[in-house]
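The sequence and structure are shown first.

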Amino acid sequence: MAYLAHTAHLQFLGLLLGILGWILIMCSAGINEWRLWYVSDKSVITSGVAWVGVWRACFYSHIMSTAEYCQALAITDSFLPADIVLAQVLIMMAVVTGIIGNLTAGYGMRKVYFGLGRRRAINLTFWSAGAMYLFTATCSLVPLLMNTVAVLNNDTITFPPEYYFPPAPTSQGIGSGIGLGIGASFLVAFSGLLFLVYRYPKKDQQPNAEVSTEGNGYLVDSKPWSSVGLRSITEGREEISANEGKDNPAFELEEN
């Protein structure tokens with residue numbers, strides 16, 4: 001069983017970043033402050049700022065029944081622009097594909113850390129996780145950039161009268177939801193790249209050399225020997241065996 005944990009440190013970091021980015025994507029989807037509408041008429045929107053998110057449009061008011069007045073934005077609403085409708089679809093896709101990417105990445109890390117699976121299976125698992133992370137980042141980043149462009153162009157939305165929004169804002173600003181979502185998308189994309197660059201090592205790492213003692217008392221290194229080294233050891237032992245039992249030539253001269 002090959003030891004591969006040391007080859008996947010970057011991928012472990014990628015898994016952590018992928019999970020963090022996926023959580024932040026969901027948080028950005030739940031934040032209402034995607035578009036900030038600055039209005040001059042403060043008779044209803046008393047704070048002078050309203051915010052439009054993916055799922056709701058809200059503002060603070062002192063004359064409404066609640067201090068924070070919100071109306072839901074449904075995908076079937078005919079007055080919604082394409083960038084918000086597309087955001088509702090793609091953000092949900094990003095959440096689902098992010099779950100798949102996290103599970104795939106976690107499964108691949110399990111294979112590596114426990115020495116399971118073959119080269120092709122581990123490579124395909126990591127590459128699949130990387131592809132899912134990149135797709136998740138794309139699904140999140142596209143609606144974020146589209147809404148950013150709409151804010152910069154001061155594109156308006158024709159809300160129904162019950163929303164109490166003005167026909168058009170005096171100006172618009174980029175909210176915290178877009179900033180958080182863009183940062184989260186780049187985290188997930190970077191995580192995907194870390195998984196895509198993984199390569200299974202060509203040769204399994206051999207264990208460290210250890211010195212052991214054989215039954216005849218000779219010290220032998222436990223790492224694999226080359227043919228030259230083995231031949232040298234064999235010849236040395238044969239020479240020692242051949243000389244055993246012979247008298248020393250010096251003693252023979254004294255006897256004679």
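## Sheet

Two strands pair if DSSP finds at least two bridges between them. Helices (H or I, at least four residues) and strands (E, at least two) are DSSP runs, numbered from the N terminus. On that basis, five strands form an open sheet with antiparallel pairing, in the order S4-S3-S2-S1-S5. Strands S4 (68-72) and S5 (171-174) are at the edges, each with a single partner strand, so one side of each has no neighbour in the sheet. On average, neighbouring strands of this sheet are turned by 20° against each other, direction ignored.

This is a predicted model, in which local features need pLDDT of at least 70 and side-chain atom pairs count only at pLDDT 80 or more, while totals for chains, interfaces and linings use all residues. Residues are numbered from 1 along each chain as its sequence is written, and side-chain values use heavy atoms, with hydrogens and water left out.

## Strand S1 and its partners

Strand S1 (residues 35-38) pairs with S5 in the antiparallel sense over four bridges. Across this pairing, Trp 37 stands opposite Gln 172, and the bridge partner of Arg 35 in S5 is Ile 174. S1 also pairs with strand S2 (residues 49-52), again antiparallel and over four bridges. There, Trp 37 stands opposite Ala 50.

## Helix on the sheet

Helix H3 (residues 119-152) packs on the sheet and touches S1 and S5; contact means heavy atoms within 4.5 Å. The direction of H3 makes about 150° with that of S5. Axes are lines fitted to C-alpha atoms, for helices over the stretch in contact, and angles run from 0 to 180 degrees between N-to-C directions.

H2 has 32 residues and spans 45 Å from its first C-alpha to its last, close to the 46 Å expected (1.5 Å times one less than its number of residues). Gly 115, which follows H2, has a positive phi, near 65°.

Thr 97 lies in H2 (residues 82-113). Thr 97 is buried, at a relative accessible area of 9% (buried is under 20%, exposed over 50%, partly exposed in between; 1.4 Å probe, protein chains only). Leaving aside neighbours within four places in sequence, Thr 97 is in contact with Met 132, Phe 135 and Thr 136. The side chains of Thr 97 and Thr 136 make a polar contact at 2.8 Å. A polar contact is a pair of N or O atoms within 3.5 Å; within protein, one must be able to donate a hydrogen and the other to accept it, and residues adjacent in sequence count only if both atoms are side-chain atoms.
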